[in-house]
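Trainee: I would like to go through this model and ask what stands behind each term.

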Amino acid sequence: MLITQLKSKETIESLAKGKTFIVNCHGCKEVYFAEHEAEELQKELSETNDITQIVTTDYICHPDNLALQLKKHMDKIKDADTVIVFSCGVGIQTVAKYLDDKRVYSGCDTFPLPGFQGVTPLQVDCAQCGECYLNYTGGICPITSCSKSLVNGQCGGAKDGMCEVDKEMECGWERIYRKLEKLNKLDTLKYEPKVRNYWHPDAEQTDAE
Amino acid sequence: MENYTKFKLKRKEELTPFLEDKDNLFILACNKCFKEFEIGDEPECSNLEQLAKEQGKTVVGSAKIDFLCNETLTSKLLQSIVPEEAEDIFVISCGLGIQTVAEQLENPVYAASDTISVDGQHGMALTTTLCDACGQCYLNLTGGICPIVDCAKSLLNGQCGGAKDGKCEVDKNKDCAWEKIYNKMESLGRLDELLAQQVEVRDYSKINHKFINQYVTSVRESRFEGYYGGVHPSEKKEFSENIDLVSFPEPRTVVIPLSQHAGAPADLIVEVGQTVKVGQKLAEANGFVSSPIHSSVSGTVVAVEPRLHPIQGIKTMAVVIQSDGENSIHESVKPAKDLNDITRDEIIELIREKGIVGMGGAGFPTSVKLKAPQKVHTVLLNGCECEPMLTADHKLMTTYPEEIIFGMKTLIKGSGAEKGVIVIEDNKHDAIEILEAKTADIPNIEVAVVKTKYPQGAEKMLVKRMLGVEIPSGGFPTDVGALVANVSTAKAVSDAMQTGMPLVERIVSVTGERIKNPGNYLVKNGTSVKDIIEHCGGVKGDDTTIKLGGPMMGFEVRDLNVPVIKSTNGVIAVETKVSEAVECIKCGRCVDVCPMELKPLYYTKYAPAENWEGMKEQNVMDCIECGSCSYICSSKIPIVDRIKIGKKAIREGK
């Protein structure tokens, strides 16, 4: 799941060269979009730079929808020197593809949140490693719950159950141990270390050999 | 359309030895997300069952679940579907679903599938455009082509030199991203910029555990605030929230429909040519769930004929009255007994006689709620006004706090409740301040401030938020001991008690970005919407939509010759939304925002297929038509319209 953060005001100011057209995408606002900060920033920008239009729409990552939403603004877009998009990276790339001959800039940086579907981020994360380890770890993921993504047990750096990388984070392997202990399945840990082989769907054929 | 299914069953060679020491299996399979939505069987569940049976294992059961990683819905479901004899739980889903189940169940939970890895994340349309969420967008330097996901090596400083004929050396099917970037920058005339720019080294510390955690916590808090689901549309209250309430100029003619409430239309008791006065009854309640209608002006009845109804969209019987401008009050309009002397039954009768119905939108007769056989302990006055743009209830609360409190006292007595709570969303500071001050000395009335979330003002959500209980499917707030009424209704009750005036006028916000002069008006029942818009200077732009009510639940009107009725809380002029519905991609958003915990995506399929049985199975009748699903739909499907079609068919017995 993707969320965005505004780039610094100085960065955005330096991007807004000449006549500037702004597109805001609120499609994933429910997950997170700095709506009010963006509005403030764009208001300030309008005072110093030549902002010809601000359009707020949603789901610009959908090319057909994007075309439909921009349709009535195409005159202003054609006239603009710069288009600044406030959305995730997918949205910006979609606009850049659609407005092929325009300078399309990004007003945001994109960050990941755990969770795929819906709009609610999860407290558990999946790194899509392609070789699920959960069978050996009591259903707690060592890739995402251990800061070092270790697959063969604790690194030894944890203190009082907390990770040495981030003291506010519980040691993933200690959680795994406790969970297996509770399930009376500690012998599961005797599995042979399964080295991560960075399996990829494109490599499926070689994998099946 | 790409298929971004995130998992597939592990290979037989891996599963077979793993199953050896397991038995009495229960198999849970996720119905997958981010692929074209088709109602049909996912084969992987039966493949695993087959494999387990081949090894002589007992499979005690299996279940296929939508959006397995949705903890709220999954945990409720798991309680009822996992049998006691189940020992080992096998889950076919992505890593999120497996971990979610492992957290919920006491049994050992195993992964029967691997999550498919993809370089980066897709958007809400199944295109090949991906974003790696690196936290330091490079697109500004590269003409909108991403070097992180499009270059096999995620290089940031140009081509590796390995590309041949524009194709990547890692994958010959792929274009070299840096060659694409070069060509794009050349065509934009930005080549110098590309070549001269300093390399911006990727800073992996930008994505850190604390930063992500902080967002997860804050987003989850706002998502789960008070009840499951709901959305936070832009409030857009600024157009009219600071404009004082004024009376709308006297209308020359009013058109008063006989059906302004839930239930049977009222029975006409006046004739054409008859002179009537303000507050005079025009039509009598026709049945238990019905309400009388009164005149809002003094003048002459000039016609009784079918006129376009603002909500029903068809012509229904209406009384047309030419005002004489005198506003002479009818003799029936006189104060009721003192609150201390009036009995509960007398209150109920008064509220019925004065034509008071729910003014929040549904128009359900208030007296019917008061008569409910169940014991009511709390009156909840709804001052949330969670619909974006509307400010009618807000203005009412700041202008008539005394009346609202008096109305509340009357409703407490009329329902036999012990206490009353006025619930206001935290974006109406002045209303909260005034009502808190005015209720400070009243022991059984309090003001509750709730965080803004749509549809907070829906009675089921309000009850859940305030009392922590769920109203049973098909039930009413009175089933759990609560009476919910809108603040405007309380004001109408107060008027009926203190002056004897029936419900003949209400506050209407005239707002939206396309209205020239927004405002809040005290409008007489039957005033033309066209006159209101003209009085407010008309609209800006020809791509304007007029709605009665708010942007989420309001009814679009094309013909403005419709009257304001008892439940019209707003007239809004907004930019016309253009959208084209495309296929559902199972993004799961509608399920995540449905406050009734339904799965709206099924209705998008069942309604066009006229599968009314399927709609019933998916509890379509529980839908409150709040519009959260249509609002969030990434495929722009008008879900509520399809739900309404299904509900209508089911009501007609299909």
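**Terms and values**

Mentor: The C-alpha centres of domain 1 of chain A and domain 2 of chain A lie 41 Å apart. The model is predicted: local features need pLDDT of at least 70, side-chain atom pairs count only at pLDDT 80 or more, and totals for chains, interfaces and linings use all residues. Residues are numbered from 1 along each chain as its sequence is written, while chains are lettered from A and ligands numbered from 1 in the order in which they are written.

Trainee: How is chain A divided into domains?

Mentor: Domain 1 of chain A covers 2-112, and domain 2 covers 134-201. The bounds come from an automatic or database domain assignment. Chain B is divided into domain 1 (7-115), domain 2 (245-332 + 505-575), domain 3 (344-498) and domain 4 (589-651).

Trainee: How many residues do the two chains bring to their contact?

Mentor: Chain A brings 65 residues and chain B brings 68. They count because two residues are in contact if their C-beta atoms, placed from the backbone, lie within 7 Å. H5(A) gives the most to the side of chain A that touches chain B, with seven residues. By class, that side has 34 nonpolar, 21 polar and ten charged residues. Nonpolar here means Ala, Val, Leu, Ile, Met, Phe, Trp, Tyr, Cys and Pro, charged means Asp, Glu, Lys and Arg, and the others, Gly among them, are polar.

Trainee: What makes Thr378(B) buried?

Mentor: Thr378(B) has 21 other C-beta atoms within 10 Å. A residue is buried at 20 or more such atoms, exposed at 12 or fewer and partly exposed in between, so Thr378(B) is buried.

Trainee: Which residues does Thr378(B) touch, not counting residues up to four places away in sequence?

Mentor: Among them are Ala417(B), Lys419(B), Val421(B), Leu467(B) and Ala482(B). Gly416(B) is 38 residues from Thr378(B) in sequence and 8.9 Å away in space, C-alpha to C-alpha.

Trainee: Which residues of helix H9 of chain B are buried?

Mentor: In H9(B), residues 344-353, they are Ile347(B), Leu350(B), Ile351(B), Arg352(B) and Glu353(B). What covers them includes helix H10 (366-370), helix H12 (401-415) and helix H15 (487-498) of chain B. Just after H9(B), Gly355(B) takes a positive phi of about 65°. Helices (H or I, at least four residues) and strands (E, at least two) are DSSP runs, numbered from the N terminus.

Trainee: How many residues has the largest nonpolar core?

Mentor: The largest nonpolar core has 235 residues, and Val83(A), Val95(A), Val91(B), Leu381(B) and Met408(B) have the most contacts inside it. Such a core is a set of buried Ala, Val, Leu, Ile, Met, Phe, Trp, Tyr and Cys residues joined through C-beta atoms within 7 Å. Leaving aside neighbours within four places in sequence, Val83(A) is in contact with Phe21(A), Ile77(A) and Leu99(A), among others.

Trainee: How do you know that strands S17 and S18 of chain B are joined?

Mentor: Six bridges join S17(B) (378-383) to S18(B) (419-425), which run parallel. Two strands pair if DSSP finds at least two bridges between them, so these two pair. Thr378(B) has its place in S17, and Asn382(B) stands opposite Val423(B) in S18(B). The open sheet has four strands in the order S19-S18-S17-S20 (chain B), with parallel pairing.

Trainee: What makes S19 and S20 of chain B edge strands?

Mentor: Strand S19 (445-450) and strand S20 (482-486) of chain B each pair on one side only. From one strand to the next, the twist averages 25°; axes are lines fitted to C-alpha atoms, for helices over the stretch in contact, and angles run from 0 to 180 degrees between N-to-C directions.

Trainee: In which sense do S15(B) and S16(B) pair?

Mentor: Strand S15 (299-308) of chain B and S16(B) pair in the antiparallel sense over nine bridges, and Pro306(B) stands opposite Met317(B) in S16(B). The two form a hairpin with six residues between them, and Gly313(B) in the turn has a positive phi of about 75°.

Trainee: How many residues of domain 2 of chain B are in contact with domain 3 of chain B?

Mentor: 30 residues of domain 2 are in contact with 22 residues of domain 3 of chain B. S21(B) gives the most to the side of domain 2 of chain B that touches domain 3, with five residues. The centres of these two domains, taken over C-alpha atoms, are separated by 23 Å.
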